[in-house]
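The following questions and answers work through the fold of one model, with each criterion stated where it is used.

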Amino acid sequence: MKQKVVLKVAMKCQKCRTQSLKVAAEQQGVSSVGLEGNEKEKVVVIGDGIDVVKLTTILRKKVGTTEIISLAEQK
């Protein structure tokens, strides 16, 4: 079951964006990572069996304030 997770992360600089993509890509089950939004503040993660709570916790520790916007099954 593929999942599409959209997270809003408080990113102030390019280094923060790079760090958030790197952290998301390292998680188990992730197949695709990207940025969305006008200011590239949303991280979109697509994968199989992603632990969203763990991903959110790690992003909060390493990058900044993070909130889950949506969690849906990818078709």
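Q: Over how many bridges do strand β1 and β4 pair in the antiparallel sense?
A: This is a predicted model, in which local features need pLDDT of at least 70, side-chain atom pairs count only at pLDDT 80 or more, and totals for chains, interfaces and linings use all residues. Residues are numbered from 1 along each chain as its sequence is written, and side-chain values use heavy atoms, with hydrogens and water left out. Strands are DSSP E runs of at least two residues and helices H or I runs of at least four, numbered from the N terminus, and two strands pair if DSSP finds at least two bridges between them. For β1 (residues 2-9) and β4, the antiparallel pairing extends over seven bridges.

Q: Which are the edge strands of the sheet?
A: The open sheet is formed by four strands in the order β2-β3-β1-β4, with antiparallel pairing. Pairing on one side only marks β2 (30-36) and β4 (66-73).

Q: Why is α1 roughly antiparallel to α2?
A: Axes are lines fitted to C-alpha atoms, for helices over the stretch in contact, and angles run from 0 to 180 degrees between N-to-C directions. Angles under 35 degrees count as roughly parallel, over 145 as roughly antiparallel, 65 to 115 as roughly perpendicular and the rest as oblique. Helix α1 (residues 14-25) and helix α2 (residues 52-62) pack with their axes 10 Å apart, and α1 is roughly antiparallel to α2 because their angle is about 150°.

Q: Which residues of α2 make the contact with α1?
A: Contact means heavy atoms within 4.5 Å. From α1, Gln19, Ser20, Val23 and Ala24 take part, and from α2, Leu55, Ile58, Leu59 and Lys62.
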